[in-house]
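Thanks for coming, everyone. Please put the model up on the screen, and we will walk through it together.

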Amino acid sequence: TSVRLLPKGSSLRVKVPKHGAEIFVVDGTFTSELGTHNQWSWCRVPNEEDEAKLFEINTLDDDVYVWVKEGHLASDEIGV
């Protein structure tokens with residue numbers, strides 16, 4: 001779990017570990033393959049592969065602060 005600064009006008013590839021990640025937007029806006037993520041929104045990025053996958057984030061005109069929680073989306077109850 002960490003808070004990260006994503007510089008404005010950047011295209012970044014974030015490594016998503018096995019069992020995925022959640023990204024919460026503390027301040028700013030970014031876009032991804034899942035859509036546009038504004039302040040106070042979050043996205044869930046699953047990953048059931050043994051290796052990390054890349055998730056592309058594009059920031060716009062402002063720096064973006066995100067809170068990232070990783071590797072916790074596995075659930076024995078639902079077989080994920």
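Two strands count as paired if DSSP finds at least two bridges between them. Keep that in mind. One more thing before we start: this is a predicted model.

Take an example of residues facing each other across a pair. Val16 stands opposite Lys53, and Lys53 is in strand E7. Strand E7 covers residues 53-59, and E2 pairs with E7 over six bridges. The sense of that pairing is antiparallel.

Now the sheet as a whole. In what order do the strands of the open sheet run? The order is E2-E7-E4-E5, four strands, with antiparallel pairing. Which strands stand at the edges? Strand E2, residues 11-16, is at one edge, and E5 is at the other. Each has a single partner strand, so one side of each is left without a neighbour in the sheet. From one strand to the next, the twist averages 35°.

Let's go across the rest of the sheet. E4 and E7 run antiparallel and are joined by two bridges. Here Thr31 stands opposite Asn58 in E7. Next comes E4 with E5. Strand E4 is residues 30-32, and the two strands pair over three bridges, again in the antiparallel sense. Thr31 turns up here too: Thr36 in E5 stands opposite Thr31.

On to the charged pairs. Side chains of opposite charge can pair when their charged atoms come close. How many salt bridges does a search of the whole structure find? Three.

Arg13 and Glu56 meet through their side chains, at 3.7 Å from N to O. Arg13 lies in strand E2 and Glu56 in strand E7, so the pair ties together parts that are 43 residues apart in sequence. Is Arg13 buried or exposed? Arg13 counts as exposed, at 59% relative accessibility. Glu56 is partly exposed, at 29%.

The next salt bridge joins two loops. Asp50 pairs with Lys18, with the closest N and O atoms 3.0 Å apart. Asp50 sits in the loop between E6 and E7, and Lys18 in the loop between E2 and E3, so parts 32 residues apart in sequence are tied together. Asp50 is exposed, with a relative accessible area of 67%. Lys18 counts as partly exposed, at 34%.

Then there is Glu22 with Arg44. Their closest N and O atoms are 2.8 Å apart. Is Glu22 buried or exposed? Glu22 is buried, because its relative accessible area is 16% and buried means under 20%. Arg44 counts as partly exposed, at 46%.

Now the aromatic rings. A pair of rings is described by the distance of the centres and the angle of the planes. The search of the whole structure finds one such pair. The members are Phe24 and Trp40, with ring centres 5.9 Å apart. Why is the pair called tilted? The planes stand at 45°. Planes under 30 degrees apart would count as stacked and over 60 as edge-to-face, so this pair falls in the rest.

Phe24 is partly exposed, with a relative accessible area of 25%. Trp40 is exposed, at 58%.

Stay with Trp40 for its backbone. Trp40 has a positive phi of about 75°, although it is not a glycine. His19 also has a positive phi, near 75°, and is likewise a residue other than glycine. His19 is found in the loop between E2 and E3. It is partly exposed, with a relative accessible area of 23%.

Last stop: the surface. Which residues form the nonpolar patch? They are Val3, Leu5, Tyr65 and Trp67, with about 390 Å² of accessible area together. Strand E1, residues 2-6, and strand E8, residues 64-70, each supply at least two residues of the patch. Tyr65 is in strand E8. Tyr65 is partly exposed, with a relative accessible area of 37%.

That's the tour. Over to you.

Terms used:
Residues numbered from 1 in each chain as written. Predicted model: local features only at pLDDT ≥ 70, side-chain atom pairs only at ≥ 80, totals over all residues. Heavy atoms only, no water. Phe/Tyr/Trp six-rings, centres within 6.5 Å; stacked < 30°, edge-to-face > 60°. Buried < 20%, exposed > 50% of the residue type's maximum accessible area, 1.4 Å probe, protein only. Patch = residues over 30% accessible without salt bridge, like charges linked within 9 Å, V, L, I, M, F, W, Y side chains within 5 Å. Areas by Shrake-Rupley, 256 points an atom, 1.4 Å probe, with all protein chains shown as cover. Salt bridge = Lys/Arg side-chain N within 4 Å of Asp/Glu carboxyl O. Axes fitted to C-alpha atoms, helices over the stretch in contact; angles between N-to-C directions.
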